[in-house]
Every structure is written in C-alpha cells, then in structure tokens.
Number of protein chains: 2
Amino acid sequence: MIETLNQAFCALPGVGKKTAQRFVYHLLERDRNGGFELAKALVGAMKHVKHCTSCRTLSEKTLCKICANDNRTNAQLCIVETPTDIHAIEQSGVYKGKYFVLSGYLSPIDGIGAAELGLNELEQKLHCQNIEEIILATNATIEGEVTAHYISNMAKQFNVRITRIAHGIPIGGELEYADINTIAHALSGRKEYN
Amino acid sequence: MIETLNQAFCALPGVGKKTAQRFVYHLLERDRNGGFELAKALVGAMKHVKHCTSCRTLSEKTLCKICANDNRTNAQLCIVETPTDIHAIEQSGVYKGKYFVLSGYLSPIDGIGAAELGLNELEQKLHCQNIEEIILATNATIEGEVTAHYISNMAKQFNVRITRIAHGIPIGGELEYADINTIAHALSGRKEYN
C-alpha cells in the first residue's frame, strides 16, 4: 500500500523515488488529514474540470472567467501554449484581451497537428469574430517558433494584425549572464530609443 | 477546484506554488487516470497504514515484514529516526538484525520527549528481550547526537553493547571536498590499518 502510493506519486512530473518517499512519509507520519484532503481535491478536479469552449483553457464552467468577462476586449487574442502561460501573463496585469490555448505545440512526429492544437477553431474565430490583433505568445523554443510561424501563415488570409511577444534581455537581467541566443534576439529586435 | 487542488499539493514538503501548478496541469491535461489512481492510493494508505507494534515503523500489518521475519536476529537492534532510514540501511544489505524507529529526535522545545520517541517501549524491549547490541543510527546532526547520547545513557543499566554507526568520509568521496566536521570525525574515529 505504501509502495502503491509511492508509485502513484512518481507519475507526477519531476518526482522521483526519493521525493515520492518523502511525500509518503510526510503524509503518513505528520499529515494524514492533508492526505485525505489531497485525495478529495484530486477526485473533484479530475471529475469536474473541463476545457473552456471558447479559449480551451482548463475551467470548471463552460466558459472560463476570462472569456465570460465582458470588460475584456474581444479585439485582441493572445495565443499561448498552456493554461499556465495565461496565469503568467495575467499576473503581469497589462493584458486586457482574450486568450486562446493551444495545449501544446506543432509536433507531427508525436501526431500533434493543427487539429490537435484547435487551429480549426481558431480559424473559425478569426472568421466570425471581430478580432483586430492576434498576439503570438508561444514559447521561445524551436517548437514554439514553428507553431507561431504556422499560425501567422494561417492568419494572413484574414484582415488581422499579427504580432509576436518581444524576446530579449529579461528585466533585471545582466547582459553578461545572458546566453548568446537571447543577446542575438535582443540586438535584432532593438527599437528606437526615445 | 483547480485552486483547491493547488493548495492541497502545496501541503507536501518542498512543493511550492509553481511545482503544485505543474502537478495540477500535468494531471488535468495529460493524465487524469493518474490523478484518480493517486487519490485512490492516498485514501488506501491514509486509512490502512498503521505503525508496527514492535518497531514502530509504518506498516499495513500489526507486525512489519522485518519484525515478522524469523530469519533476522533479535540480538541486534538498530535505532533509527525515521522509516526512510530503515529503507536506506536495508538497501545496503549488510544488516540482519531488527530495527526500532523513534519517529523523530529529542526536542523538548517542541514537546518531543522520551515518551514521544517510544523510549519507554525501547526500555521494555531491552528489559524483556535478549538483545545483545543496540546500534545507534540516528542522524549525524546535533539533535541526532543528543538523542543517541540520551538512549545510550538509558541503555547502560542493561547488559548490552552500545555502538554508534561510523561517521567519516563517504566512500567515493574526496577529502578535498569534505567539510571540516566530517574530516574531524574521520580523524578522531580512525582505526588500526591491517
């Protein structure tokens, strides 16, 4: 029974045998109540959390909070890879538009194509809704870039501004410690200084 | 519901907000089955895992596997802080005696005294059973040392050999990278070389 729990914890990303053991002993020795609560929360979430029908993020309701919020403009659509990315952007507090979650990136080798990323729905959205700008906020990885490129090509047929979030030196970051790719991006993406 | 699950994961040792979020999204997006299984394993373990009545380790049965194993000698008793320590010693494969789990160390400030560590039961064991040697395998921390010292004092009244596991340079470790306390221990604990 202890072993079963150990293995179940090992299924979590980044959790190996030692960490799983630490979790198990902590719960059994010090926090059985926490163990029961975690089990309850797990069942609740696994059963009831679905995807927002509009932006595809994880949500308990048919429409997520952001999609259901009439104060947010429909004119801007930010395209991200995961629901976590929405969370990160929301914390910055500067974006007032809506989102669209791909839940991954294009990866034909793993059988993840346009359909799996919901690009048909995205095309429908661009066709039917009054979207003025799509912001490509996929990750700055090769896969993220390829996906951004693909979406930008697809969106060109619509009368919509297509932008990509800026890549460069992080705020508070020191040039000395930035990697060469970041520096190359920061230089090629330089802007007029007012 | 997502937030509740996030917080439940945060109760695990070493799991912060970001890691909890990663767990949650992994389970919801990629492995709902794993989520249900984890919940089931949690409830099973929290309900049915008790403590071995003889050595106090975590066990589903009244007697744990090691205590119930007649091939292991009762003459040696290895005293450890946690059930994880038993696991570590068992993996070395050199110990064939029994164990006694303190489930912690002496810490009067936290209200953890002799009774909480089961030292009364330990005294009973030394009194009634034919134990020839107790091996103090508490951690090499100040608390572990104090606890070892206390138990050794208590055990002196019985006709029993009292030993402490050796502390020194780890096998494969280099002197150059060992900390000063370890080197001091390694020197003061030196043995005749045959």
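Entry 1. Buried here means under 20% relative accessible area, exposed means over 50%, and partly exposed lies in between, with a 1.4 Å probe and protein chains only. Helices (H or I, at least four residues) and strands (E, at least two) are DSSP runs, numbered from the N terminus.

I note for the record that this is a predicted model, in which local features need pLDDT of at least 70 and side-chain atom pairs count only at pLDDT 80 or more, while totals for chains, interfaces and linings use all residues. Residues are numbered from 1 along each chain as its sequence is written, chains are lettered from A and ligands numbered from 1 in the order in which they are written, and side-chain values use heavy atoms, with hydrogens and water left out.

I then listed the buried residues of H6(B), residues 119-128: B:Leu119, B:Leu122, B:Lys125 and B:Leu126. Seen down the helix axis, these fall within an arc of 110 degrees, so they line one face of H6(B). The arc is that of the directions from the helix axis to the C-beta atoms. Their cover includes strand S3 (76-80), strand S4 (98-101), strand S5 (133-136) and helix H7 (142-155), which belong to chain B. Contact, in these notes, means heavy atoms within 4.5 Å.

**Entry 2. Helix H1 of chain B.** I found B:Ile2, B:Leu5, B:Asn6, B:Ala8 and B:Phe9 buried in H1(B). Their arc about the axis is 165 degrees, so these residues line one face of H1(B). Among the elements covering them are H3 and strand S2 (58-59) of chain A, together with H2 and H3 of chain B.

**Entry 3. The cores.** I next asked which residues touch the most other members of the largest nonpolar core. They are A:Phe9, A:Leu42, B:Phe9 and B:Leu42, in a core of 40 residues. A nonpolar core is a set of buried Ala, Val, Leu, Ile, Met, Phe, Trp, Tyr and Cys residues joined through side-chain atoms within 4.5 Å. Two or more residues come from each of helix H1 (2-10), helix H2 (17-30) and helix H3 (32-48) of chain A, and from each of helix H1 (2-10), helix H2 (17-30) and helix H3 (32-48) of chain B. Apart from this core lies another, of 19 residues, including B:Leu119, B:Ile134, B:Ala148 and B:Phe158.

I also looked up the contacts of B:Phe9, leaving aside neighbours within four places in sequence. B:Phe9 meets A:Leu12, A:Leu38 and A:Leu42 in chain A, and B:Val15, B:Ala20, B:Phe23, B:Val24, B:Leu27 and B:Leu38 in chain B.

**Entry 4. Helix pairs between the chains.** The axes of H1(A) and H3(B) come within 9 Å and cross at roughly 150 degrees. That makes H1(A) roughly antiparallel to H3(B). I used axes that are lines fitted to C-alpha atoms, for helices over the stretch in contact, with angles from 0 to 180 degrees between N-to-C directions. Angles under 35 degrees count as roughly parallel, over 145 as roughly antiparallel, 65 to 115 as roughly perpendicular and the rest as oblique. A:Thr4, A:Leu5, A:Ala8 and A:Phe9 of H1(A) make the contact with B:Glu37, B:Leu38, B:Ala41, B:Leu42, B:Ala45 and B:Met46 of H3(B).

For H3(A) and H3(B), I recorded a packing angle of about 155 degrees, with the axes 9 Å apart. These two helices are therefore roughly antiparallel to each other. Among the residues of H3(A) in this contact are A:Phe36, A:Leu38 and A:Leu42, and H3(B) contributes residues including B:Phe36, B:Leu38 and B:Leu42.

**Entry 5. Helix H5 of chain B.** In H5(B), residues 83-92, I found B:Pro83, B:Asp85 and B:Ile86 buried. They cover an arc of only 150 degrees around the axis, which puts them on the same side of H5(B). They pack against H2 of chain A, together with strand S2 (58-59), helix H4 (65-68), S3 and S4 of chain B. After H5(B) comes B:Gly93, whose phi is positive, near 75 degrees.

A:Glu123 sits in helix H6 (residues 119-128) of chain A and is partly exposed, with a relative accessible area of 28%. Beyond residues up to four places away in sequence, A:Glu123 touches A:Met154, A:Gln157 and A:Phe158.
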